[in-house]
Amino acid sequence: METSALFQRLCLVEIRRLLMVIGVAIIVIILFQCFALPYGKGWSVSSADEGSVVMVISNPILSNSSKSSIRVFHIMTNGSDSSDLGEEAGDEDEIENTDADYELSSSKIEQNDVLLKLGEMLGKSTDNTSSQEKSIETGSKQLKQVGETEILEATTSSTFGGIQSNDGTVPSVLFGISKKNGENRDRDSITSDSFFPTKVISLDHMETQTKNDELLQTISVTLNNNSTRDSISTLKRWEHSTSISQMNSLLLHSLVYSHSMKPRRLSVRDRELLSAKLEIENAPCVDNPPGLYASAFRNISMFKRSYELMERMLKVYVYKEGEKPIFHQSKMRGIYASEGWFMKLIEGNKKFVVRDPRKAHLFYLPFSPHMLRMALFDHNSHNQKELAEFLKNYVDLVAKKYSFWNRTGGTDHFLVGCHDWASQMTRHHMRNCIRVLCNSNVAKGFKIGKDTTLPVTYIRSAENPLKELGGKSPSERPILAFFAGNMHGYLRPILLEYWENKEPDMKILGPMSRDIAGKRRYREYMKRSKYCICARGYEVHTPRVVESIFYECVPVIISDNYVPPLFEVLNWEAFSVFIQEKDIPNLRNILLSIPQEKYVAMQLGVKKVQQHFLWHKKPVKYDLFHMILHSVWHSRVFQMESK
């Protein structure tokens, strides 16, 4: 018994000693964190994903701020696959201060877009690793070997979009987020001076990195993460981009498989649409019809027959319900002018519009998303729910007063909106409608084959919308590529980082001066450039697409998931270039690889399709008003199915 008691006492003594040692160690660690590390930061090393080591640096003293710094040391990858509004120089003041408002509305989405999209873009350079890469434990041992490697430090909220995203993955690249002290920035504003080169070493491929791979790993983006208001944990996961060829497949699929709500009984108008569909599908073959450029169309014979039937048959009813300024009124100038021009021209049209709704094939909901935002938006809450609820009440009013909405569930109704929020505020209660939207993001609810894209036409003179039309001939365009504009969104700063002042034939610029001379210089650059860069801003759309066509410059569209205007009928690849965002480092090589003959053909195509993107105070055949109306007609006709 004495031996047993002695043993117990010895164990208790050892336990006390052990606890004392642990306590001393904890005190030493705390003191080390407070004094040895800069700004009282602590650290720990953990594995965030196979092939990566993540060092999380936290500040225990400032825990209430929900801030942490995260350093991602990319040691190796597992070979997994990774998949605006701009305005002419000097015209920013004509947007009526709408930018700051609509930018804030999607701040949660936009921050995650920055983080995960950059991860997706940059990840391409390091994803091609062999199947024989070492485990994370081996990578941890090799961590000391990158002691001199410069690391991007990200200061963000404790739930980090790239490390603790919805799918629990970590982008296989380095990227950083930081905020300059005391600097008041717009949401997601990115400036070229926020980029700095950071050498990232891939241990298994150090000797085989190409120049572009190294460039792709030099980007650091500065943005305001608004973490005090928006939790990073609520940000959605970035979607994989959809290529132009995939969009073509989606369009073909939509034409074959209609998902329109079928009425219980086919009306006279339904039978007329079915008859038109049959005629279009069996259109007589034509090669070069007068007034049209066959090479720019997917099927010139079907388009010609469809347009003829639209002119002969189509009747539209415009609802009278709704008070100004939200209904029956819109702006004719500025960045959202498209919705205003269409509204004014359709309401004043006597050829297509009927007073008796029973004679109508289509029903127009005459509201302006831009005016709705201006009239009802609460600038303090930045919440779009009230706007969507307002439209729901309007739909309920129409459905109660008329039988047409309930008969088809709204599939024969259409709306036209160019404001960024139009897509979001109509995606629920008006989801069955044919939505004509500028913000045609196929990854955010835009349905190819049902919805159609509204071109962003930046109208500066309502009296003379065709002022300054045209450009130089191909032989008089010495500039290879041109871009100028504000640093809206995440993409444009990347474009400038790679190409600003890099090559004499690449005029890639930031904002130009706002005076008359600056505007003239902007137009001259477009008229003298072979290719005009149409880089997305905060959203996928940009007025530079139509501007390029206006000045007869071949558009180079750099905007993943953007469905171009009149996509149902035009073959965009015949007169424009599509470049994925991840390929910005190869921009010049891609453009130089296009043969001169191909460029001349594309430039001719731009000149020929120009007529389809022009507004006229009195509409003319094949102009933008008629082409938008035809897109709606086309969508409705090909939704029809016989019983």
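Residues are numbered from 1 along each chain as its sequence is written, and, the model being predicted, local features need pLDDT of at least 70 and side-chain atom pairs count only at pLDDT 80 or more, whereas totals for chains, interfaces and linings use all residues. Side-chain values use heavy atoms, with hydrogens and water left out. Helices (H or I, at least four residues) and strands (E, at least two) are DSSP runs, numbered from the N terminus. Two packed helices are described by the angle between their axes and the distance between the axes. Here axes are lines fitted to C-alpha atoms, for helices over the stretch in contact, and angles run from 0 to 180 degrees between N-to-C directions.

Helix α8 (residues 300-313) consists of 14 residues and reaches 20 Å from its first C-alpha to its last, close to the 20 Å expected at 1.5 Å a residue, where the expected span is 1.5 Å times one less than the number of residues. Its buried residues (buried meaning under 20% relative accessible area, exposed over 50%, and partly exposed in between, with a 1.4 Å probe and protein chains only) are Ile300, Ser301, Phe303, Arg305, Ser306, Tyr307, Leu309, Met310 and Met313. These buried residues of α8 pack against α7 (268-281) and α19, contact meaning heavy atoms within 4.5 Å.

The axes of α8 and helix α19 (residues 624-637) come within 10 Å and cross at roughly 95°. That angle makes α8 roughly perpendicular to α19; angles under 35 degrees count as roughly parallel, over 145 as roughly antiparallel, 65 to 115 as roughly perpendicular and the rest as oblique. On the α8 side the contact is made by Phe303, Ser306, Tyr307, Leu309, Met310 and Met313, and on the α19 side by His626, Met627, Leu629, His630, Trp633 and His634. By class, the contact of α8 with α19 has eight nonpolar, four polar and no charged residues, with Ala, Val, Leu, Ile, Met, Phe, Trp, Tyr, Cys and Pro counted as nonpolar, Asp, Glu, Lys and Arg as charged, and the others, Gly among them, as polar.

Helix α19 is also approached by α7, the axes of α7 and α19 coming within 9 Å and crossing at roughly 100°. The helices α7 and α19 are therefore roughly perpendicular to each other. In this contact Asp270, Leu273, Ala276, Lys277 and Ile280 of α7 meet Trp633, Arg636 and Val637 of α19, and by class the contact of α7 with α19 has five nonpolar, no polar and three charged residues.

The loop between α18 (596-609) and α19 contains Asp623, which counts as buried at 0% relative accessibility. The C-alpha atoms of Asp623 and Phe613, 10 residues apart along the chain, are separated by 6.3 Å. When residues up to four places away in sequence are not counted, Asp623 touches Gln611, His612, Leu614 and His616.

A further helix pair is formed by α10 (residues 369-376) and α11 (residues 385-401), which pack at an angle of about 120° with their axes 10 Å apart. That angle makes α10 oblique to α11. Leu372, Arg373 and Leu376 in α10 meet Glu386, Leu387, Phe390 and Leu391 in α11, and by class the contact of α10 with α11 has five nonpolar, no polar and two charged residues.

Helix α15 (residues 516-527) has 12 residues and reaches 17 Å from its first C-alpha to its last, close to the 16 Å expected at 1.5 Å a residue. The buried residues of α15 are Gly518, Tyr522, Arg523, Tyr525, Met526 and Lys527, and what covers them includes β12 (479-483), β13 (506-508), β14 (529-535) and α16 (544-550).

Several other loop residues complete the description. In the loop between β7 (316-318) and α9 lies Pro325, and the peptide bond from Lys324 to Pro325 is cis, with omega near 10°. His328 is likewise found in the loop between β7 and α9; although not a glycine, His328 has a positive phi of about 60°, and at 18% relative accessibility His328 counts as buried. Asn501, in the loop between α14 (491-499) and β13, has a phi near 60°, a positive value in a residue other than glycine, and counts as exposed at 69% relative accessibility. Asn349, in the loop between α9 (337-347) and β8 (362-364), counts as buried at 15% relative accessibility, and the C-alpha atoms of Asn349 and Lys618, 269 residues apart along the chain, are separated by 9.6 Å.
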